[in-house]
Amino acid sequence: MAKNETKMVPFPSRAIVPERDLGKTPVLECIHLGIEFGGLKAVDDFNLIVGATEIAGLIGPNGAGKTTVFNLLTKVYQPTHGTMLVQGRETNGLSTTQVNRIGVARTFQNIRLFNSQTVEENVMIGLHNHLKGGLFSDMFRLPTYFKSEKKAHERALELLDFFDMADMANYKAGSLPYGAQRRLEIVRALATDPCILLLDEPAAGMNPSETEDLMNNIRKIRDELKIAVMLIEHDMKLVMGICEGICVMNYGKVIAKGTPSEIQSNPAVIEAYLGSHNDSKEEK
Amino acid sequence: MKKLKPTTRSNIFTYGALLIIFTVVYILNNGGVISNNISGLLIPICAYVCMSISLNLTVGILGELSLGHAGFMSVGAFSGVIAASALRNVTDNGTLQLIAAIAIGAVFAAIAGAIVGVPVLRLNGDYLAIVTLAFGEIIKNLLNNFYIGVDNSGLHFSMKDTASLNMDKGTVIVNGPMGAVGIPKVSTLIVGFILILICYAATANITNSRTGRAIKAIRDNRIAVESVGISVAKYKLMTFVTSAAMAGMAGALYALNYTTITPKKFDFNTSILILVFVVLGGIGNVRGGMIAATVLVVLPELLRAVKDYRMLMYAVVLILVMIFTNNRKARGLIIDPAKKLFGKLIPKRGKGGDANG
């Protein structure tokens with residue numbers, strides 16, 4: 001696993017990023033980000049910098065607040081504390097829709113596809129903001145409609161081809177096998193032309209060979225599309241295999257940050273996952 | 001030649017079928033073959049078919065429930081009637097009056113739709129059903145108190161009685177609870193049919209476009225739609241206003257087929273009747289809704305033969321249709337032989353299929 005490791009260097013402020021991203025604006029910067037539900041601090045003082053083309057991992061035991069962080073980043077929840085910057089831009093007060101338009105795309109833990117529509121149409125919906133047209137040109141089939149349909153079709157097939165899914169374009173999304181549905185969600189997110197892709201448990205329910213393909217695809221996204229990827233995952237083989245920087249959470253707080261090898265030997269992380277020596281004694 | 005897309009093919013099939021049906025009905029009607037009872041129903045059928053398409057856009061394609069669609073129909077009907085009556089001084093051409101009435105009906109119904117939609121469609125949940133239900137009642141009661149007349153100096157309006165209109169030898173158009181009176185009876189079957197074509201074409205075109213994909217996506221999964229940067233409220237409002245405008249056009253066509261029309265005609269029962277068209281025809285299935293509207297408007301007339309048992313039979317027929325459309329075994333009795341006959345003509349639903357195989 002160690003052979004995969006990218007050299008991580010300190011970024012001018014606090015965090016570390018891959019060496020190649022040093023001169024660039026970090027794609028995502030969370031500053032004291034937090035949310036309280038009533039008195040419960042679901043996420044508390046979350047600081048993170050993700051480099052422009054970094055693959056970052058967010059791990060932690062169940063209920064640590066990982067998906068809540070994603071929901072904060074995509075503004076499903078408005079943070080009660082702190083702020084986040086996307087490519088250096090302030091995002092306070094933006095809605096889910098607006099934050100997607102400035103470049104944050106995501107997939108969901110429980111797949112959320114548009115099941116009644118075809119694979120191609122699902123991708124076209126992702127392309128929505130990059131197509132011209134409105135109600136009237138669609139209703140009366142004005143020339144704009146045909147132009148935009150043609151562009152949508154070409155671009156959708158191009159994206160599907162990137163993930164070897166072009167032959168499935170006319171299937172209903174709901175009829176796809178599980179692994180393909182996960183891939184389609186990634187394609188749909190990429191169609192919005194993001195600068196950072198958030199993947200919520202992309203390998204959940206996949207067999208080892210599908211996971212292997214997924215890892216290659218994620219690397220391909222970074223290498224060919226030059227965008228950053230941040231993923232939540234419980235499959236440590238995947239996380240340690242492709243993530244360059246890893247952030248570990250427990251009880252809503254960040255307990256460790258670093259490269260895969262640093263994380264593997266971090267006592268706080270081991271304690272969070274396996275419990276301390278004293279804990280196990282009490283339970284027995 | 002390039003192979004046509006399945007959706008294009010099914011649309012061409014529908015336009016063809018509509019044209020043939022209309023030509024046959026038109027010839028039969030002019031030849032006096034159709035009985036007077038049914039002949040008088042032809043324009044209301046056109047209006048109800050449009051209503052069915054309109055509600056299908058909201059309920060079937062957008063996935064929001066509207067329980068006051070008759071309210072938009074009545075807004076269209078009354079504004080259309082006022083427009084047509086006011087135009088009588090300007091032109092004698094009935095068709096021109098009708099077209100102007102339909103256009104004005106659409107505009108006012110769209111405004112009503114926007115007023116209802118702007119605050120409500122920002123919320124998630126069944127609030128639209130509750131608010132449209134109230135809207136239908138409010139519009140009915142408002143129109144019960146409207147007195148509108150026209151004379152040489154223009155339109156006069158009052159909410160008290162006809163005397164307070166202060167008109168100079170003018171005519172009363174809307175007379176409170178008596179409804180609109182002395183309506184120019186200008187609706188024609190041809191305009192009604194064209195209206196059906198326009199409504200159907202608009203709906204079918206929207207469904208297979210950038211806008212339509214976004215609307216259907218909202219129905220499928222709202223959270224995912226927001227995550228790809230599509231504004232849910234905007235598209236919900238857009239669809240609802242379009243749907244209301246179509247209802248307004250249908251209302252104007254409907255009202256100008258009679259000499260008098262009361263606000264009571266567009267009550268909750270009418271809203272539910274329109275919803276029954278949509279549900280019976282299959283939610284989201286526009287063509288099914290059109291057929292259901294035709295059948296359910298004609299049915300009570302056909303059942304006049306059984307006199308007292310008319311509404312009882314009507315209920316039995318409704319239940320039978322529901323059984324035959326939802327029970328697989330029962331459906332097999334009718335649908336399978338029909339598919340064998342018309343299999344090549346009727347495009348398959350659910351293109352593609354299972355990718356596992």
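Modeller: Helices here are DSSP runs of H or I with at least four residues, strands are runs of E with at least two, and both are numbered from the N terminus. Two residues are in contact if their C-beta atoms, placed from the backbone, lie within 7 Å. This is a predicted model, in which local features need pLDDT of at least 70 and side-chain atom pairs count only at pLDDT 80 or more, while totals for chains, interfaces and linings use all residues. Residues are numbered from 1 along each chain as its sequence is written, and chains are lettered from A and ligands numbered from 1 in the order in which they are written.

The residues of H6(B) that are buried are B:Leu128, B:Val131, B:Thr132, B:Phe135, B:Gly136, B:Ile139, B:Lys140 and B:Leu143. Buried means that 20 or more other C-beta atoms, placed from the backbone, lie within 10 Å of a residue's own; exposed means 12 or fewer, and partly exposed lies in between. H6(B) covers residues 127-144, and its end C-alpha atoms are 26 Å apart, in agreement with the 26 Å that 18 residues should span at 1.5 Å a residue. The expected span is 1.5 Å times one less than the number of residues.

Strands count as paired if DSSP finds at least two bridges between them. S1(B), residues 147-151, is joined to S3(B) by 4 bridges, and B:Val150 stands opposite B:Thr171 in S3(B).

Elsewhere in chain B, 30 residues are in contact with 37 residues of chain A. The elements giving two or more residues to that side of chain B are H7 (189-207), H8 (210-220), H9 (222-227) and H10 (232-255) of chain B. H8(B) supplies the largest share, 8 residues.

As for confidence, pLDDT is the predictor's own estimate for each residue, from 0 to 100. Its mean over chain B is 87, with 93% of the residues at 70 or more. Over residues 349-357 of chain B, pLDDT stays under 50, and the model has 16 contacts beyond four places in sequence for them. Where pLDDT is low, the predicted coordinates should not be read in detail. The mean for chain A is 89, and 93% of its residues likewise reach 70 or more. For the complex, the predictor gives an ipTM of 0.87 and a pTM of 0.88.
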